[in-house]
Amino acid sequence: MKLTLIAALGVAAILLWIAVEIGLEAMPAIQQYAAGFLIATRWNPVKDIYGALPQIYGTLVSSLIGLLLAVLAGIGVALLLSEDFLPRPLQSLLALLVELLAAIPSVVYGLWGIFVLVPLLKPLGTWLHTYLGWLPIFSTPPSGPGMLPAGVILAIMILPTIAAVSRHALRAVPDEWRMAALALGATRWETILNLVLPVAGSSILGAVLLALGRAMSETMAVTMVIGSANRLNFSILATANTIASLIANQFAEASGLHIAALMYTALILFGLTLAINGLAELLVGRRQ
């Protein structure tokens, strides 16, 4: 018990230490730009003008695109691999293959995105711009790299998290409950929709929010396909940037106030991730 308490306090102390170190490094930018840093849109290291709104927007929107694409697919995969739609040996094999997606290095995803995904999505982007270009989210012609490929890459990368955690949650529902529902006259899908999914819902929700936090912090794969454009554009077909990719691209060459501004963006990402995890704990606790 004491060892568990020490370990928990140690984790909290490490998180606090990281936050303090980043905050101290970011202090010059915090003092100069204050809260205006969050809503400013210019990022010009030559003139020491910094604003993080385009990067914050890119982080949130690319993560939400990935989440929208991955949630239904992940839950569908979890149902396929937990509800005996397939023979058990085949279920185990497919579950292993899905979980192996999480083991692929992000740089490999990035290279695949550049040479396969971006050319594959470009005709779709052209069609969306041609016929739905009156919508702000499709208002620019596709340039290749952009927000949409980044969102698709993130969806593939977070799919194993949602599928694996959801599968374990679904398998934890007692078989006796399923048999009881079937004995009362429920069909197989009524049992799944009205019993199994609601019972496992809190764990599935936690998996989704965990995947969102993972998507927000992804660096290399997103950096390679998003275009790294530090401007605010509401079109998902345009090039954009995220906080993580901004830091990866510029930190090695930064100095002075530029480093402080990058640390400020890192502190924002740290706060966003903590907020997502806190929201997950709150929502999961309420559902339970």
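Which side chains meet in a salt bridge at 2.8 Å, N to O, with one partner being Arg-178? The first legend answers this question for the predicted model shown here.

**Figure 1. A salt bridge joins Arg-178 and Glu-83 in the predicted model.** The side chain of Arg-178 meets that of Glu-83, with a distance of 2.8 Å from N to O. This pair links distant parts of the chain, since the two residues lie 95 residues apart. Arg-178 belongs to helix 6 (residues 175–183), whereas Glu-83 is found in the loop between helix 2 (53–80) and helix 3. Both partners are buried. For Arg-178, the relative accessibility is 11%, and the residue therefore counts as buried.

**Figure 2. Arg-178 also forms a salt bridge with Asp-175.** Here the N to O distance is 3.2 Å. Because Arg-178 and Asp-175 are 3 residues apart in helix 6, about one helical turn separates them. Asp-175 has a relative accessibility of 48%, so this residue counts as partly exposed.

**Figure 3. Arg-214 and Glu-218 are joined by a salt bridge.** Their side chains meet at 2.8 Å, N to O. Arg-214 counts as partly exposed because its relative accessibility is 33%. Glu-218, by contrast, has a relative accessible area of 6% and is therefore buried. The structure holds 3 salt bridges. Through shared partners, salt bridges join Glu-83, Asp-175 and Arg-178 into one network.

**Figure 4. Helix 3 and helix 5 cross at roughly 145°.** Two packed helices are described by the angle between their axes and by the distance between those axes. The axes of helix 3 (residues 88–100) and helix 5 (residues 147–171) come within 9 Å. Helix 3 contributes Arg-88, Gln-91, Ala-95, Val-98 and Glu-99 to the contact. From helix 5 come Pro-160, Ala-163, Ala-164, Arg-167, His-168 and Arg-171. Sorted by class, the contact has 5 nonpolar, 2 polar and 4 charged residues.

Figure 5. Helix 4 (residues 106–132) supplies the largest share of the patch, 7 residues. Val-116 is placed in helix 4. With a relative accessibility of 37%, Val-116 counts as partly exposed, because this class lies between the cut-offs of 20% and 50%.

Terms used
Residues numbered from 1 in each chain as written. Predicted model: local features only at pLDDT ≥ 70, side-chain atom pairs only at ≥ 80, totals over all residues. Heavy atoms only, no water. Helix = DSSP H or I, 4+ residues; strand = E, 2+ residues; numbered from the N terminus. Buried < 20%, exposed > 50% of the residue type's maximum accessible area, 1.4 Å probe, protein only. Axes fitted to C-alpha atoms, helices over the stretch in contact; angles between N-to-C directions. Contact = heavy atoms within 4.5 Å. Nonpolar A, V, L, I, M, F, W, Y, C, P; charged D, E, K, R; others polar. Salt bridge = Lys/Arg side-chain N within 4 Å of Asp/Glu carboxyl O.
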